Amino acid sequence: MKTKKVSLAVLALATTVVVSACGNNNTNNSSSSAPAASGSAAVDKVKVSVTSWRAGDSEVELYKKIQEELNKVAPEIELEYKAVKATEYNTSLSVALKTDSAADIIHLRPYAGTTALADANYLEPIDGLEGLSVFTADQLAAAQGSDGKQYGVPYMLSATQILYNKDIFEKNGLTVPKTWDEMIKVADKLKENKVTPFAFGSKEGWVLSLMHGAIAPQFYGADFNEKFLKGEAKLNSPEFIKSIEAMNSLKPYFPNNFEGLGMEDIRTMFATGQTGMVIDGHFEIASIQALNPDIKIGMFPVPPVDANGKASISTWVDGSFGINKNSKNKEAAKKVLQFMTTETYGSLILNSTKSPSPIPGVSTDDELVNEIAQYSATNAVPYFAVTYLNSGSPTTKSALENALQGMYLNALTPEGVAEEVQKSLDTWFKPVSK
Amino acid sequence: MENANNARLIRKKSSWRKQLIHLIPIPAVAIYSIFVVYPILAAFTYSLFEWNGMTMGEFNNFDNFITLFTKEPFNTMFWNALGHNIYYFVVEMVVQNGIAFGLAYIIFKKIKGTGFLKVAYFLPRLLSIIVVGFLWKMILNPNMGILNVFLEKVGLGSYALAWLGNPDTALTAVVLINSWFAIGFFMLLFLAGLQSISSEVLEAAKLDGAVGFRLVRSVILPMMFQPLVIVVVMTFIQAFEAFELVFAMQGSMGEPYYSTDLLAVFFYRTAFGGNAGDSGALGIGSALAVVMFVIIATISALFMSYVNKKDSA
């Protein structure tokens with residue numbers, strides 16, 4: 001009986017495959033009859049299609065603005081924006097690529113997602129594209145193939161930092177901590193005054209790797225990522241264990257029954273002023289404000305253990321744009337990608353999505369978002385689990401999440417977590433040989 | 001002559017029409033084939049191939065099955081989930097069907113207000129199971145849920161646990177909620193069984209002095225053998241295809257720490273990728289689907305053949 005349902009799901013997938021294959025045929029029409037969007041009506045129009053999983057109304061508005069700005073530098077290009085529902089995007093894209101009916105410019109899932117497409121030879125390398133140099137190596141790594149070539153232009157960033165309730169801090173006479181110890185003192189003070197220091201819950205695994213991503217770099221140190229990739233450091237190395245112990249050490253500052261709380265509860269507790277701080281993604285801010293429009297939220301980066309250290313926020317590239325290898329408009333598509341490296345574009349993205357742009361030097365009026373954007377440019381460290389652990393089946397990222405959950409339920413020690421995660425990593429990871 | 005010809009013509013026409021009747025099931029057969037037969041066969045085929053994301057690779061014999069049963073973490077997850085399915089079945093048999101029988105018996109005895117009670121007990125079954133999951137998630141919320149608030153108000157604060165966040169209580173909580181949801185349906189099955197017993201037999205048993213528990217044990221239950229088996233089989237299938245409630249309340253990872261993982265949840269996560277953004281392993285997922293199909297089909301068939309043997313004996 002279950003198999004029946006299950007096979008139905010398989011069939012549903014198959015149907016999606018067929019339907020999307022049918023619906024994606026006329027991508028590369030260069031039409032000269034299209035109405036001119038800008039003043040220069042004489043130029044021959046080139047239609048460049050863009051596909052993405054960001055399917056909201058605001059996205060359509062954003063593309064109108066992008067079109068306008070783009071035509072100031074490339075008047076001939078007309079963008080055709082084709083959004084696909086996020087949950088169906090991967091399937092529909094893989095079918096479109098196989099049937100040679102995919103869009104010219106493709107929104108690429110970050111890290112392992114891009115690597116898979118690049119390795120399957122669906123993407124055009126864009127090394128040497130003008131403007132690529134504005135990105136950091138960590139950001140560019142989100143859109144590379146196993147061959148080390150660049151296949152995409154990073155689109156926007158997500159950032160995890162510590163958000164705090166300004167009113168609660170003021171009422172308790174607290175200031176933004178500059179070191180980890182100061183932050184623990186702040187937490188102690190809040191606890192003394194009967195305010196839960198951190199909104200936290202371990203019921204949903206993804207929340208755990210998100211928060212680990214934010215605080216861990218202060219414990220495993222700046223050179224860990226490189227050592228890890230070279231195979232010189234493992235996930236059960238002492239420095240990584242320290243980062244897990246740090247997660248465990250915050251336990252006394254979490255709400256009662258935190259093992260039963262999920263992101264919704266975390267959001268509610270922070271928004272309703274029951275807690276002073278939360279380690280959280282920038283993408284939660286809008287939801288928190290929707291619950292309580294009057295809340296005054298401040299942010300600070302995760303403070304360093306050592307007073308001389310550098311505070312950090314954890315960022316990751318949330319998608320890139322790359323070029324379909326079989327596109328008939330590669331030159332025009334490259335021009336669009338070039339535009340995607342400019343400050344004009346970065347500023348459009350920042351203001352429209354309220355997410356930090358990887359392009360340095362852009363700003364927005366929203367004070368909180370702007371602060372996060374500025375720290376993303378100067379104090380960013382990669383979100384470890386998404387950047388390096390998102391492969392394997394099941395992924396090592398989900399192994400980390402489950403093991404952390406086990407730790408908070410007292411089923412595993414921090415060392416046990418490290419062993420589990422390393423075991424999962426061993427099933428697929430190969431260090432870069434130098 | 002004319003008449004005879006006409007009659008033959010009519011007969012001919014009607015026999016042609018009679019043949020037409022065989023076409024009537026075609027739509028049903030077509031739909032059944034597309035949505036039932038084909039997916040089952042497809043799952044069987046998929047389970048024998050290698051998969052790279054959504055792309056079918058090479059034929060690889062029984063590698064997916066071997067991976068499922070020998071490789072970490074799949075093998076641990078499989079036995080863990082299977083154990084939970086068995087627990088699901090046992091608790092449902094005892095709690096859900098025990099209560100359902102009791103309720104059916106009360107209604108059968110025609111106490112006052114049976115009409116109302118019948119509807120009331122059946123009511124949860126009319127809710128979408130996703131709604132049920134959401135509702136109970138709110139009731140069981142550790143800090144804001146009505147259950148823990150109530151426990152604290154009556155001085156039992158130390159019993160106010162994180163019901164769904166604690167591995168010791170999460171699975172039991174989910175099974176009990178599923179029982180609450182399904183009691184009405186099984187009560188109706190029992191009621192139909194009770195009503196099929198002829199009143200003469202009951203009358204005679206009573207005259208012979210069988211009352212109360214004795215009547216239930218020695219007369220009613222043996223006479224309800226067939227409906228009882230149907231209940232067992234349906235409970236078994238319900239327990240082994242359970243998915244929605246865990247998915248709605250505990251997510252696709254069977255959280256916390258795989259303590260509410262079930263075969264179907266494990267299948268979903270493996271085949272289509274969990275919420276962590278896995279790309280999914282369709283081959284191993286299909287192998288698991290085949291294993292589940294075999295388990296459910298074999299055990300159901302064993303039950304049914306046992307009944308048939310008992311019936312013909």
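The area buried between chain B and chain A comes to about 3700 Å², with 64% of it from carbon and sulfur atoms. Buried area is the accessible area (1.4 Å probe) that two parts lose on being put together, summed over both. The size of an interface is often given in this way, as the accessible area lost when the parts come together. The model is predicted: local features need pLDDT of at least 70, side-chain atom pairs count only at pLDDT 80 or more, and totals for chains, interfaces and linings use all residues. Residues are numbered from 1 along each chain as its sequence is written, chains are lettered from A and ligands numbered from 1 in the order in which they are written, and side-chain values use heavy atoms, with hydrogens and water left out.

At this interface, 45 residues of chain B are in contact with 41 residues of chain A. Contact means heavy atoms within 4.5 Å. Nine residue pairs are in polar contact between chain B and chain A, both residues at pLDDT 80 or more. A polar contact is a pair of N or O atoms within 3.5 Å; within protein, one must be able to donate a hydrogen and the other to accept it, and residues adjacent in sequence count only if both atoms are side-chain atoms. Five helices of chain B, α2 (26-46), α4 (74-108), α12 (244-250), α13 (263-272) and α14 (282-312), each supply at least two residues of the side that touches chain A. Helices (H or I, at least four residues) are DSSP runs, numbered from the N terminus. With seven residues, α2(B) gives the most to that side. By class, the side of chain B that touches chain A has 34 nonpolar, six polar and five charged residues. Ala, Val, Leu, Ile, Met, Phe, Trp, Tyr, Cys and Pro count as nonpolar, Asp, Glu, Lys and Arg as charged, and the others, Gly among them, as polar. Between chain B and chain A the count of salt bridges is zero. A salt bridge is a side-chain nitrogen of Lys or Arg within 4 Å of a carboxyl oxygen of Asp or Glu.

Chain B is assigned domain 1 (2-46) and domain 2 (73-312). Domain bounds come from an automatic or database domain assignment. The C-alpha centres of these two domains of chain B lie 40 Å apart. Four residues of domain 1 of chain B are in contact with four of domain 2. The two domains of chain B bury about 390 Å² between them, 84% of it on carbon and sulfur atoms. B:A43, B:F44 and B:Y46 supply 85% of the area that domain 1 buries against domain 2, more than any other three residues. Zero salt bridges and zero residue pairs in polar contact are counted between the domains of chain B. The side of domain 1 of chain B that touches domain 2 has four nonpolar, no polar and no charged residues.

In chain A, domain 1 (27-156 + 318-341) and domain 2 (159-316 + 382-426) are assigned. Their C-alpha centres lie 34 Å apart. The area buried between these domains of chain A is about 500 Å², of which carbon and sulfur atoms give 59%. One residue pair is in polar contact between the domains of chain A.

A:Q338 is found in helix α14 (residues 330-339) of chain A. A:Q338 is partly exposed, with a relative accessible area of 29%. Partly exposed lies between buried (under 20%) and exposed (over 50%), with a 1.4 Å probe and protein chains only. Leaving aside neighbours within four places in sequence, A:Q338 is in contact with A:L129 and A:E130.
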